[in-house]
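Me: Could you walk me through this structure step by step? I am new to reading models like this one.

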Amino acid sequence: MKRFLKYLLAYALLCVGAFIVLYPLIWMIFEAFKEEKYALSIAILPNHFTLESLKDFYTFSNFSKIVNEFNFGKYFLNSFIVALTSSIMTVLICTMGGYAFAKKNFVGKNFLFNTFLATVMIPGMMFMVPQFAIINKLGWINTYKAMIIPHLANVFGLFLMRQYIHQIPDALFESANIDGASEYQIFKKIVIPLTMPVVATLFLLTFLGQWSNFLWQLIVNTPDSPYLTIPVGLALFKGQHSTQWTLLMAASCFSVLPIAFLFILAQRFFIEGMTQGAVKG
Amino acid sequence: MDKIFDAIVVVLIVLMVIWLLIPGGGTVNKAGTALTVWVTYSEAEFKIYKELCKKFEEDNKIKLNIQLIPWGGHQNKLRTACNTKTAPDIARIDLALTPLLALGKAIEPLDSYGVGKYKKIIVDAAFDTNIVYNMRTKKNNIYGLPDKTDCVALFYNKKHFRDVGLSDKDVPKTWEEFVEVGKKLTVDNDKDGLIDRYAFGMNNSLWWTFPFFNSFGAVFINDQTGECLLNSPKAIAALQFKKDLFSKYKIEAGAWQSGAVEPKAGFLNDKYSMILCGPWLIADCENSGMDFGIARIPAGPAGSFSNIGGSNMVIFKTCRDKKLAYKFLEFMVSDYFQVKWCTSLKQIPVNKKLIPELKKKLGPRMAVFLDQILSTRSRPKIPRYGMLEDAVNQEMGAALQGQKDVKQALTDSKIRCDEIVKQIFEE
């Protein structure tokens with residue numbers, strides 16, 4: 001009985017915690033279905049509950065509006081292409097780089113790695129103007145390239161992969177060499193499978209970062225660009241003094257879907273990757 | 001399986017190389033257009049704006065390239081564009097950005113185009129936001145024309161007034177009356193010792209405190225010397241009064257505290273009976289079915305004064321046709337444009353002459369704002385104004401929370417602002 005009460009209390013506390021964490025999400029969903037006139041109302045049900053008043057309170061039209069009038073389908077596709085391509089390419093480049101820095105010997109390796117690491121200390125905003133100037137010179141304004149390529153130089157990802165690969169015993173690579181495996185085969189058969197948890201983590205973090213990247217995607221696209229992404233689209237609902245809350249929330253519901261789906265899919269790897277260092281003796 | 005994987009890798013690499021070689025892109029200035037205009041309106045405003053601009057296109061036989069950018073990112077986008085010479089010809093900018101772009105030599109001074117004549121035509125405080133004083137040349141220059149102007153006034157819930165036996169006649173005209181009415185409106189309906197409804201909900205930030213400072217006759221910064229004047233007796237009295245609404249008279253809900261119901265949401269949800277807000281709240285109140293009224297800011301020792309908000313239209317140095325661009329700015333403040341714009345969107349005209357005519361057209365609620373706009377003061381025109389606001393907000397927060405004496409908080413604000421201004425002017 002005592003144990004049961006203990007569990008009950010623990011679950012009750014966890015439920016309260018979960019509710020607090022999920023409340024903004026719940027609010028977003030309710031708001032997305034509300035008629036505009038009830039946008040900032042705290043109520044989630046009409047004052048006098050009837051079918052008619054419920055119809056007056058809630059609507060599906062916010063979702064149809066954002067797809068048909070605001071072109072969110074296109075924004076969604078652009079965001080997806082940018083986030084997916086960036087994530088795949090970042091993971092590939094960082095894994096290759098991390099492998100080279102962890103297991104290969106070449107002149108100036110440590111100096112080069114430390115130099116890369118030092119760049120993390122420079123605030124991202126400092127890169128904004130020079131990077132934009134280069135993109136502009138290359139004629140990449142209004143292209144996917146402009147949104148993807150400047151972010152592939154991910155030093156955090158390189159550091160993450162290098163540290164992880166560093167832990168893989170050298171004996172594995174030596175025996176693969178003795179068996180006559182090429183570099184490509186070692187990379188494919190040893191490095192990638194053994195780094196899967198951290199690859200998933202890096203993929204997820206990069207995807208999340210690119211999916212919600214607002215400023216860069218705003219800057220490298222002219223306002224009439226066909227490559228505008230979801231964060232830029234969402235910002236259009238917020239004016240100087242007023243915000244179209246119901247439309248903003250409906251669009252936000254769309255925008256959290258891939259992230260939620262991806263996290264559910266990869267959460268095992270993600271948690272494994274994040275806690276790898278914590279449980280090591 | 002292995003071979004398939006390898007083939008996929010090869011195909012991906014080839015595709016990537018091809019993709020990189022494809023020339024891309026676009027430019028800010030679309031071919032075949034005379035002027036590129038970046039605006040930051042809402043979707044509804046943008047539709048009407050484009051419609052109204054057609055007259056200018058027809059009259060001048062040109063094509064405009066009008067583009068909508070989000071208000072939220074326009075400052076960074078413009079600053080990047082200016083640094084890389086990819087700015088549009090004209091842009092609608094936040095008032096606070098005018099001095100930064102002006103002193104950074106990104107926008108064109110319009111004095112030589114004859115913009116001075118608009119000083120008598122445009123709402124004083126709105127026009128004033130375009131005048132920037134250059135410490136080096138010791139000269140004032142005019143850098144734009146306002147396209148939209150706003151101020152705040154007092155919103156009140158008529159039902160709450162009726163509940164405590166008050167009527168429209170009792171709406172406070174002075175801050176003293178405000179306190180008296182506020183005491184009646186702050187109610188504990190169920191007598192449980194907890195207040196169920198507060199008379200007032202207020203914000204803490206400097207912008208929202210200007211109606212207090214202005215109506216007490218306090219000045220924030222001397223535009224020409226850059227000296228912060230917040231430690232003056234008038235400013236101290238204004239902030240002390242604001243603090244007293246919360247801590248002494250207990251008629252303010254503490255809506256400025258983190259985690260509290262913010263004023264707008266509290267007003268719309270029957271929690272607060274009065275708030276200060278701008279005309280943008282009218283639509284929300286009407287949609288919610290609330291019975292509400294609007295009155296001028298209660299008068300302090302200096303009278304009833306509000307603050308000024310809105311935006312300016314500026315011409316960039318890289319503009320392709322500056323004369324045409326200036327003509328376009330004039331078109332935007334013209335009677336034709338302003339009447340249509342303000343009646344379609346229920347907004348305050350920037351053109352003073354139109355106020356009597358539009359008061360009738362826009363109804364009694366908007367009429368209050370049209371009255372109040374003539375008693376407004378502009379913010380100091382200092383580049384990176386946000387830094388000053390952050391510093392003062394922190395000090396005012398400490399004063400409201402009782403961590404600092406009001407006089408001490410404003411003295412500290414002055415010290416911090418003077419340091420920031422000195423640093424900005426040295427740069």
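Me: What should I know before I start?

Reply: This is a predicted model, in which local features need pLDDT of at least 70 and side-chain atom pairs count only at pLDDT 80 or more, while totals for chains, interfaces and linings use all residues. Residues are numbered from 1 along each chain as its sequence is written, and chains are lettered from A and ligands numbered from 1 in the order in which they are written.

Me: Ok, how many helices and strands does chain B have?

Reply: Chain B has 16 helices and 13 strands, where helices (H or I, at least four residues) and strands (E, at least two) are DSSP runs numbered from the N terminus. The C-alpha trace of chain B spans about 75 × 70 × 50 Å along its principal axes.

Me: And what share of chain B is buried?

Reply: Of its 427 residues, 47% count as buried; a residue is buried if 20 or more other C-beta atoms lie within 10 Å of its own, exposed if 12 or fewer, and partly exposed in between, with C-beta atoms placed from the backbone.

Me: Which domains does chain B have?

Reply: The assignment, which is automatic or from a database, gives domain 1 (35–149 + 309–377) and domain 2 (153–307 + 384–426). The C-alpha centres of these two domains of chain B lie 28 Å apart.

Me: How many residues are in contact between them?

Reply: In chain B, 17 residues of domain 1 are in contact with 20 residues of domain 2, and two residues are in contact if their C-beta atoms, placed from the backbone, lie within 7 Å. On the domain 1 side, helix 14 of chain B gives the most, with six residues. That side of domain 1 divides into eight nonpolar, five polar and four charged residues, where Ala, Val, Leu, Ile, Met, Phe, Trp, Tyr, Cys and Pro count as nonpolar, Asp, Glu, Lys and Arg as charged, and the others, Gly among them, as polar.

Me: Is Pro364(B) buried or exposed?

Reply: Pro364(B), which lies in helix 14 (residues 355–372) of chain B, is exposed, because it has 10 other C-beta atoms within 10 Å.

Me: Switching topic, which residues of helix 15 of chain B are buried?

Reply: The buried residues are Tyr385(B), Leu388(B), Ala391(B), Val392(B), Glu395(B), Met396(B), Ala399(B) and Leu400(B). They cover an arc of only 165° around the axis, which puts them on the same side of helix 15 of chain B; the arc is that of the directions from the helix axis to the C-beta atoms.

Me: Why would spaced-out residues point the same way?

Reply: An α-helix has 3.6 residues a turn, so residues three or four places apart point the same way.

Me: What do those buried residues pack against?

Reply: The buried residues of helix 15 of chain B pack against helix 8 (206–215), helix 9 (233–247) and helix 16 (406–426) of chain B. Helix 15 is followed by Gly402(B), whose phi is positive, near 85°.

Me: Last one, how many residues does each chain bring to the contact between A and B?

Reply: The contact takes 33 residues from chain B and 32 residues from chain A. Helix 3 of chain B gives the most to the chain B side, with four residues, and by class that side has eleven nonpolar, 19 polar and three charged residues.
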